[in-house]
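Subject: Structure handover and notes

Dear colleague,

I am passing on the structure below, followed by my notes on what was found in it. Please read the notes alongside the coordinates.

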Amino acid sequence: MKKQVAIIGAGYAGLRAIEHLASDDRLCITLFDENPYHYLQTEAYGYIAGRFDLHDVALDLKNWCHGFKRPVTFVQERVTYIRSRTQEIETESGTHPYDYLIIATGARTNFFSFIEGLDRYGFGVKKLFRSHRFRTAFEALLYEKVEQRPSEASRVYNLAIGGAGLSGVEIAAEMADVIKRHTKSIGEAAKELHIHLIDASATILPGMSDYIITHTDKRLTSLGIHIRTNAFIERVDASTIHFKDGSRLDYTFMIFTGGIIANRIDSDLDAASNRIGQYAPDATLRLAPNVFTVGDCAELKDASGKLLPPTAQTAERSAEYAAYAIGQDIAGRAVRPYRGTVDGVFVALGGRYAVGELFGVIRVRGYLAYLLKKVITKSYYLGLKLRLNTGFKKRTATGEAL
Ligand SMILES: Cc1cc2nc3c(=O)[nH]c(=O)nc-3n(C[C@H](O)[C@H](O)[C@H](O)COP(=O)(O)OP(=O)(O)OC[C@H]3O[C@@H](n4cnc5c(N)ncnc54)[C@H](O)[C@@H]3O)c2cc1C
């Protein structure tokens, strides 16, 4: 009898787990996600700034699942409960049994409740519809500047980004680069869009190496971004950000990327969690003998016990491990513990510029770093696209309703 593997979440972790499990003919795989698409969050900065289009950041999951040689079932539904005692998951429409379960539900923006007004007035980018709303708003401001007559009084718009981690920095840089590059075509009025990058830490990109921080800082400054560190946001209202030190910033749009909180599912699992709601699995990424958790929704550590950053890279590696552990379990073999590593980090800094570090020793910046980052993201995208095309062709050939 085939083993039923259920995977909740079609993000970087969920899809990578399937890539590693789908050729195993002992398994029957079902993927659950509330959305019909895989959202490439790592490319959100380019989508918001208008560099990428919708098809660059959203890929159809039905077509992708059909792209495998062996069937992978996609269920577009939100999972509402995990009943580990009877090995079932519940969705809005029914109950689905499993032999192995991988929870890969990712995380969402943490609009800290102690910052009054943040959830009401801030945009997040962890969901496609939120990125889309910000893209539309940004485009509307650019449009307004195109239309601005010389006789009109100049009007400065402040675009605020709360959180100078990887995502905040990349979004700020890409928007600033668009404004800078397009001043030629849009005109001088484009310069009246000011980008403000705000963080409560003493530095941008807290936790990253001095090399990355220094060169990112230089690049952001050269793009005209106003960087504000040690800045604690106390309250946000419809037009003003109020800081703890009494200062204020009047803003037009605000994105918040300052923290995440895990997407957890109600369950009868005896699963501990950390302060940002991430599941705390054992050394083999299990919450129960046949329940694994991977990606942003899990607290993952390296061999020395240090927390790993919630990145696509970590999500993929942990998913590969869960797939390996399931294979070993079915074969009755022991598993080695999960040992996460960070191979490198590349920060896209607007246009054809990036800063990166590989294995802690290779350091690159500028166009070369941009090319390396592009190779990484493009190969990920092309891998998905190949499967998507195969799936689409198969569905068309069999006459399945698209
Ligand atoms: C702007 C930006 C830039 C970034 N840049 C980088 C980068 O350069 N490099 C890098 O490595 N990382 C980067 N990241 C981080 C990276 O995107 C995340 O770490 C990664 O998406 C985590 O993958 P995941 O599979 O764990 O979760 P996600 O990709 O968030 O996927 C989770 C999935 O689970 C689904 N889901 C959740 N709950 C349920 C439920 N109850 N039922 C059904 N489905 C559910 C969601 O719909 C979603 O599809 C960036 C993030 C952002 C926002």
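Helix 9 is mostly covered, since 14 of its 19 residues are buried, where buried means under 20% relative accessible area, exposed over 50% and partly exposed in between, with a 1.4 Å probe and protein chains only. This is a predicted model, in which local features need pLDDT of at least 70 and side-chain atom pairs count only at pLDDT 80 or more, while totals for chains, interfaces and linings use all residues. Residues are numbered from 1 along each chain as its sequence is written, and side-chain values use heavy atoms, with hydrogens and water left out.

Helix 9 runs over residues 312–330 and reaches 27 Å from its first C-alpha to its last, close to the 27 Å expected at 1.5 Å a residue, the expected span being 1.5 Å times one less than the number of residues. Helices (H or I, at least four residues) and strands (E, at least two) are DSSP runs, numbered from the N terminus. After helix 9 comes Gly332, with a positive phi near 75°.

As for charged pairs, the structure holds 21 salt bridges, each defined as a side-chain nitrogen of Lys or Arg within 4 Å of a carboxyl oxygen of Asp or Glu. Arg16, Glu316, Arg317, Glu320 and Asp343 are linked in a network of such bridges.

One of the salt bridges joins the side chains of Lys145 and Glu192 at 2.8 Å, N to O. Lys145 lies in helix 6 and Glu192 in the loop between helix 7 (166–186) and strand 13 (193–198), so this pair ties together parts that are 47 residues apart in sequence. Lys145 counts as buried at 1% relative accessibility, and Glu192 counts as buried at 14%.

Another joins Arg85 and Asp268 at 3.6 Å, N to O; Arg85 lies in the loop between strand 6 (79–83) and strand 7 (88–91), and Asp268 in the loop between strand 19 (260–262) and strand 20 (286–288), so the pair ties together parts that are 183 residues apart in sequence. Here Arg85 is exposed, with a relative accessible area of 69%, whereas Asp268 is buried, at 16%.

Finally, on the surface, Phe359, Val361 and Ile362 form a nonpolar patch with about 330 Å² of accessible area together. Patches are made of residues with over 30% relative accessible area and no salt bridge, like charges being joined within 9 Å and nonpolar side chains (Val, Leu, Ile, Met, Phe, Trp, Tyr) within 5 Å; the areas come from the Shrake-Rupley method with a 1.4 Å probe, and for residues only the protein chains shown count as cover. Phe359 sits in the loop between strand 23 (354–358) and strand 24 (362–366), and counts as exposed at 55% relative accessibility.

Best regards
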